[in-house]
Amino acid sequence: MGVKETVKALSVIGIGEIYITGKVKVGGNVKSYPNKRQVLRALFDSYKDCTKCDLHKSRRQVVFGDGNPDSPVVFVGEAPGEEEDIQGKPFVGRAGRYLNEQLKRIGMPRETVYITNVNKCRPPGNRKPNYIEMQACLPYLRKELSIINPKVICCLGATAAEGILGKKIQITKMRGQLFPYPYNPSVKVFLTFHPAFILRNLNAEGEFIEDLIKLKEIVKGGL
Ligand code: URA
C-alpha cells in the first residue's frame with residue numbers, strides 16, 4: 001500500500017493524524033524526515049507563547065513533555081505544579097520524585113519513558129484545570145501523542161484519564177484496566193492513581209505499584 005492509501009485506510013479505523021518521522025522507505029527510496037525530537041520541538045515552539053486560556057496569565061512558563069520520545073509508554077498527568085512551573089519540566093516536584101522512585105523500583109526508570117500533562121500551564125494554587133482550560137490544551141497533547149505514537153498511554157489520575165478518554169472516570173474502579181485511545185484505537189490507555197494522591201493516601205501505594213508492574217508487563221507484550 002502506498003502512503004496515500006495507508007493514510008486513507010487509517011482514517012477509516014479512526015486514526016485521523018499521523019506523523020512520519022525519521023527514515024522511511026517510499027517507493028524503494030529512503031526518505032529522511034525530521035526525527036521525533038525535532039518534530040516535538042517544532043510543536044513546542046508553536047505553542048510556548050499560548051494565550052488560549054486564562055492559565056497563561058499566572059504561569060511562569062509553558063511546561064512541555066519530557067523524556068524519551070521513542071518510549072513505548074507515555075505517562076500523562078494533570079498539570080504542572082509550582083516546581084514544574086519554575087523548572088519548565090513535568091513531574092519534578094514531590095509527586096514527581098515519588099513517581100521516579102517507583103518507576104526505578106519496577107525497572108522502568110524515568111529517563112527511559114516520556115512524561116507529560118493534559119494542561120501545559122500551572123493552574124493557580126495547583127487547583128484542578130477546569131473544562132475550558134482542558135479543552136484549550138488537549139489539541140497540543142493529542143499532537144504530542146500522535147508524534148510519539150506509543151503502545152500505551154498511562155493516565156495518572158482521573159483528570160488525565162478524563163482528558164484522554166473524554167468521559168467521566170472513577171479511578172478507584174477503573175484503575176489497572178486498558179481502554180482504546182479514542183484518537184487511535186490501536187493505542188491502549190491504562191489508568192492508575194496520580195502519585196500525589198498516593199502521597200496523601202499511602203494505604204493505596206500497594207495498588208499503585210501493582211498497576212505499574214502490570215503496565216510494564218503490558219508494554220513488554222506479556223499481557
Ligand atoms: N502533577 C501533575 O499532574 N503534573 C506535574 O507535572 C506535576 C504534578
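Let's start with the sheet: in this predicted model, six strands form an open sheet in the order β3-β5-β4-β6-β8-β7, and their pairing is mixed. Two strands sit at the edges, β3 (66–67) and β7 (178–181), and each of them pairs on one side only.

Helix α6 (residues 158–165) lies across β4 (73–77), β6 (152–156), β7 and β8, and runs at about 135° to β6. Helix α9, made of residues 205–220, also lies across β4, β6, β7 and β8, with an angle of about 160° to β8.

Finally, let's look for empty space inside the protein. Rolling a probe the size of a water molecule over the atoms shows where empty space is left. How many cavities of 30 Å³ or more are there? The count comes to one, and the volume of the largest cavity is about 90 Å³. Its lining has 14 residues, and those nearest the centre are Cys-50, Cys-53, Cys-121, Cys-137 and Tyr-140. Helix α5 (residues 131–148) supplies the largest share of this lining, with three residues. By type, the lining of the largest cavity has nine nonpolar, two polar and three charged residues.

How values were computed
Residues are numbered from 1 along each chain as its sequence is written. This is a predicted model: local features need pLDDT of at least 70, side-chain atom pairs count only at pLDDT 80 or more; totals for chains, interfaces and linings use all residues. Side-chain values use heavy atoms; hydrogens and water are left out. Two strands pair if DSSP finds at least two bridges between them. Helices (H or I, at least four residues) and strands (E, at least two) are DSSP runs, numbered from the N terminus. Contact means heavy atoms within 4.5 Å. Axes are lines fitted to C-alpha atoms, for helices over the stretch in contact, and angles run from 0 to 180 degrees between N-to-C directions. On a 1 Å grid over the protein atoms alone, a cavity is a set of points where a 1.4 Å probe fits but cannot get out, and a pocket is an open set with protein on both sides within 12 Å along at least five of seven lines; lining residues have an atom within 4 Å of a point. Grid points are joined across faces, edges and corners, and a volume is the space filled by probe spheres set on the points. Ala, Val, Leu, Ile, Met, Phe, Trp, Tyr, Cys and Pro count as nonpolar, Asp, Glu, Lys and Arg as charged, and the others, Gly among them, as polar.
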